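Please look through the model below.

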Amino acid sequence: MSTARRAGLRLAPAWILIVASFAAAVGAQVWRDRQTPPPAPIERVLYLPDGGVVERLALSFDAILADVYWVRTVLHFGGVRRGDGPKRYELLQPLLDITTTLDPLFTVAYRYGAIFLAEPPPGGPGRPDDAIALLEKGLEASPGRWRYLQDIGFVKYWWKRDYEGAARAFKQASDVEGAPWWLSSMAAVTLAEGGDRRASRRLWLSLLENTEDDWLKQDAVRRLRQLDALDQIDQLEEIVAQYLATSPPTPYTWEDLIAAGALRAIPRDPDGVPYYLGPYTGRVDLGDESRLQPLPVEPLEARPMPST
Amino acid sequence: MKAAVETADLTKDFTVGFWRPRPFRALDRLTLDVPAGEVFGLLGPNGAGKTTTLKLLMQLVYPSSGSARLLGRPVGDIDARRRIGYLPENPYFYDYLTADELLGYFARLFGHRGPGCAKRVGDALDQVGIGSERRLQLRKFSKGMLQRVGLAQALLNDPELVVLDEPMSGLDPIGRHEVRALILRLRDEGRTVLFSSHILSDAETLCRRVAILAGGRLVAGGRLSDLTELRIRGWEVVVGDVDEAAVRRFETVATRIDAIAERRFTLELPLGHPPERVLGDLLALGGHLLSVQPLRETLEDYFVEHVRAATGSRFAGRDRPAVNADSSTSGRKVG
Amino acid sequence: MGTIGLIAVNAFRESVRDKVLYNLVFFATLLIVASYLVGQLTAGQEAKIIKDLGLAAASLFGLLIAVFIGIGLVSKEVERRSVYSVLTKPMSRTQFLLGKYAGLALTLVVNLTVMTIAIYGVLAWMEWSSPANIKAAWEAPALDPALLKAILLIAMELLLVVAVALLFSTFSSPLLAASLTLGLYIVGHFNADLRNLEAVVDAPVLAAVAKGVYYALPNLAPFDVKAQVVHAQPVTLTYVTLTSLYAVGYIGALLALASVIFGRRDFK
């Protein structure tokens with residue numbers, strides 16, 4: 001046997017010991033993990049609770065840390081929305097607070113963050129006041145950013161139905177130097193026709209045409225489709241009301257209406273998802289799988305009366 | 001003849017101790033001259049102040065009082081340094097460089113450039129016996145080889161004055177022999193060599209003059225021949241072709257008898273017993289005389305006698321034992 | 001090349017042989033990997049994140065190099081006693097110190113230059129491969145020359161840190177020098193708070209002392225214009241010039257002090 005091989009064999013007990021010790025360690029861990037539940041998912045831990053503290057500790061690395069917290073925000077929001085667990089967005093506001101404290105100029109965090117916060121359940125926490133507070137924080141850091149005021153206007157209009165407040169915000173935005181001309185007309189429209197579906201459509205169209213941000217564009221498109229869906233639902237309810245006047249048998253289905261000649265095909269929403277027909281109530285609504293859910297709730301007095 | 005190195009009352013105090021700092025006198029009023037063109041030995045036991053002296057001369061350490069001059073210029077003069085070569089004790093160099101690169105760097109620091117520079121480096125390495133290893137990184141060098149590199153860098157600039165701190169340390173006997181030969185060669189070339197050592201036999205073979213330090217003080221110095229011609233303390237006789245029994249008869253007179261081979265002995269005879277008397281008896285017994293020589297007091301004997309007397313406490317405020325009156329030379333010029 | 005130049009080149013060679021520049025490989029890998037991942041996670045903010053990451057990493061790696069090599073410049077040499085054979089060559093101690101400083105400065109500049117090229121390389125790829133609608137939402141163009149202002153100030157800050165490290169290295173051990181330098185870096189970033197202490201605290205003496213400390217200790221926060229540059233906020237040439245002048249002046253003072261301390265030191 002060569003010297004080298006002999007030396008190798010002499011080391012064999014050492015190797016066995018290494019492998020055995022490691023296997024024992026891993027085995028112990030597996031056993032323990034079966035006994036104790038895993039710790040709370042990393043999601044739930046903010047690491048540091050307060051934006052101010054984080055900023056102090058970040059020294060000159062606050063911008064990259066802001067990015068890290070932004071990524072966590074996006075993951076948290078998307079993860080809860082698409083996940084199976086309860087739809088709780090508790091970390092959303094603190095994460096956004098830390099992100100914007102670390103980088104007060106992080107425009108996207110303010111604008112998208114406001115949209116995340118205002119979105120009603122189950123798509124979001126439904127906290128328009130938090131959204132407005134976030135945008136106001138952005139304004140403190142960048143007083144010249146009329147877009148934040150425009151966004152505040154939208155939140156007040158769309159989610160809080162505070163038409164006077166929205167108009168004030170739009171007006172403030174239009175007063176900022178460099179703001180575009182159509183903001184003052186937005187203010188006027190809001191004041192005059194606040195809550196009216198046509199006014200809303202005008203506002204969203206205006207946003208769609210005047211923003212370069214892809215994501216915000218898509219959000220506006222979605223809102224417009226929701227408004228379209230509302231129009232379509234109104235029309236369908238008229239048709240269904242006429243059908244119901246003939247006292248058809250329950251359960252009501254779209255096929256019955258087609259057979260009765262009231263419709264040519266199963267009605268679908270602007271996304272292509274079939275509408276829902278209440279089999280015993282005749283109520284028309286978005287299909288369960290529709291991505292336009294939830295539809296905005298309109299104040300009763302603003303709903304256009306179905307034409308009779 | 002102008003002195004290559006002169007010191008005048010050169011003194012260095014250090015502060016020792018953290019909680020209760022006390023001044024410690026590493027060198028006490030050293031005054032000496034090193035004449036140009038000679039080999040001068042700075043001797044003494046460990047801790048005597050030899051390295052401190054050399055560091056003061058190279059301005060690695062600043063004096064507490066006193067002064068020194070090298071090649072006629074005050075210590076620290078940059079022009080003078082161009083003509084001086086220095087080897088520190090236990091040298092350590094940038095270990096990521098090769099010997100070639102290190103010497104090339106130093107040569108350029110001396111102001112040499114271009115192909116002449118490379119030749120200089122090559123010659124210096126040849127002189128100290130470093131061959132193809134010069135292309136290896138210094139971290140792979142043994143202590144002895146590092147010592148040689150150290151010598152090479154001390155000779156790089158063709159110096160008038162070569163200052164070597166323990167040049168023999170770390171060398172095997174062959175290496176020591178080569179360094180001794182090198183130092184003699186430097187002397188023959190007209191350079192001044194100042195080296196420190198605690199090995200006396202090296203000084204005996206090389207130096208014309210020495211200074212002996214102990215306890216931070218100069219306890220003796222001068223020409224080697226002056227210091228050691230002093231006393232014959234006995235004789236050494238080597239005889240052959242005698243039996244041990246016969247030799248044993250001289251036990252009462254000889255201070256020492258050694259058998260060095262079969263029927264061959266060395267006898268040491270004290271001063272009072274001249275060898276002639278012993279020889280007659282030995283020859284009568286049928287022995288042959290192989291050699292007779294006087295035993296001189298060696299530098300070591302001189303050294304031991306003076307150093308032991310001088311070493312005492314060097315902390316301020318404690319009594320120093322009195323130095324032997326006729327050999328005390330502190331404060332007196334040696335040259 | 002003068003003595004200072006020779007020492008500088010030698011110090012640079014030492015850091016190259018110490019494989020310091022391998023950090024650049026890590027840096028480039030980091031940027032490239034990040035640029036792949038970043039698109040998925042950030043809702044259209046790829047350019048911003050690459051810029052943030054690139055600048056932050058350049059700053060951090062540069063800081064580590066500045067501290068850990070800076071302290072070794074002098075204290076390691078003194079500890080290992082390689083300084084004995086160098087200082088006894090025809091040079092003054094000041095020339096030795098300045099040469100060491102210049103060598104490390106050169107290392108940092110080379111490092112930063114390569115990092116700048118890497119950042120712009122990744123940004124160019126991003127510019128070329130992103131669709132127009134995504135690019136429209138970026139606050140600043142991908143290949144924004146304003147990034148160079150941020151990098152210049154990062155360089156000045158690092159040169160200041162090296163000078164601090166060099167100063168500590170002239171009289172303390174490597175470990176202590178590293179701790180003190182890092183400590184001063186951290187303090188330097190909080191320094192700005194001291195300036196306005198009088199607004200927060202009632203005792204005028206304390207506020208005056210704080211203000212004095214603010215001016216005495218290095219104030220490093222103003223060198224950080226990364227966020228402004230990434231968000232296309234203006235950073236004036238005046239600002240860059242004045243901040244750089246502050247650095248130059250402070251560095252001069254530090255090097256002079258280091259020269260005095262080192263110049264009188266005994267090497268036992």
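This is a predicted model. Its largest nonpolar core holds 204 residues, and the members that touch the most others in it are Leu159(C) and Val162(C). Once neighbours within four places in sequence are set aside, the contacts of Leu159(C) are Ala105(C), Leu108(C), Ala247(C) and Ile251(C).

Taking the contacts in chain B between residues at least 6 apart in sequence, 70% of them join residues at least 24 apart.

One pair of helices in chain B can be followed in detail. Two packed helices are described by the angle between their axes and the distance between the axes. For helix α3 (residues 99-109) of chain B and helix α4 (residues 114-127) of chain B, the axes come within 9 Å and the crossing angle is roughly 125°. An angle of 65 to 115 degrees would count as roughly perpendicular and one over 145 as roughly antiparallel; α3(B) and α4(B) are therefore oblique to each other. The crossing of α3(B) past α4(B) is right-handed. On the α3(B) side the contact is made by Ala99(B), Asp100(B), Leu103(B), Gly104(B), Ala107(B) and Arg108(B). On the α4(B) side, Cys117(B), Arg120(B), Val121(B), Ala124(B) and Leu125(B) take part. By class, the residues of this contact of α3(B) with α4(B) are 7 nonpolar, 1 polar and 3 charged.

The next step is to the contacts that chain C makes with its partners. Toward chain B, 19 residues of chain C are in contact with 21 residues of chain B. Both α1 (3-17) and α4 (83-87) of chain C supply at least two residues each to this side of chain C, and the largest share, 5 residues, comes from α1(C). The side of chain C that touches chain B is made up of 6 nonpolar, 6 polar and 7 charged residues.

Toward chain A, the contact takes 23 residues from chain C and 20 residues from chain A. Here at least two residues each come from α3 (46-80), α6 (132-136), α8 (174-195) and α11 (226-230) of chain C. The largest share of this side of chain C, 5 residues, is supplied by α3(C). The side of chain C that touches chain A divides into 11 nonpolar, 8 polar and 4 charged residues.

Notes:
Residues are numbered from 1 along each chain as its sequence is written. Chains are lettered from A and ligands numbered from 1 in the order in which they are written. This is a predicted model: local features need pLDDT of at least 70, side-chain atom pairs count only at pLDDT 80 or more; totals for chains, interfaces and linings use all residues. Axes are lines fitted to C-alpha atoms, for helices over the stretch in contact, and angles run from 0 to 180 degrees between N-to-C directions. Helices (H or I, at least four residues) and strands (E, at least two) are DSSP runs, numbered from the N terminus. Angles under 35 degrees count as roughly parallel, over 145 as roughly antiparallel, 65 to 115 as roughly perpendicular and the rest as oblique. A crossing is left-handed if the near helix is turned anticlockwise from the far one by less than a right angle, and right-handed if clockwise. Two residues are in contact if their C-beta atoms, placed from the backbone, lie within 7 Å. Ala, Val, Leu, Ile, Met, Phe, Trp, Tyr, Cys and Pro count as nonpolar, Asp, Glu, Lys and Arg as charged, and the others, Gly among them, as polar. A nonpolar core is a set of buried Ala, Val, Leu, Ile, Met, Phe, Trp, Tyr and Cys residues joined through C-beta atoms within 7 Å. A residue is buried if 20 or more other C-beta atoms lie within 10 Å of its own, exposed if 12 or fewer, and partly exposed in between; C-beta atoms are placed from the backbone.
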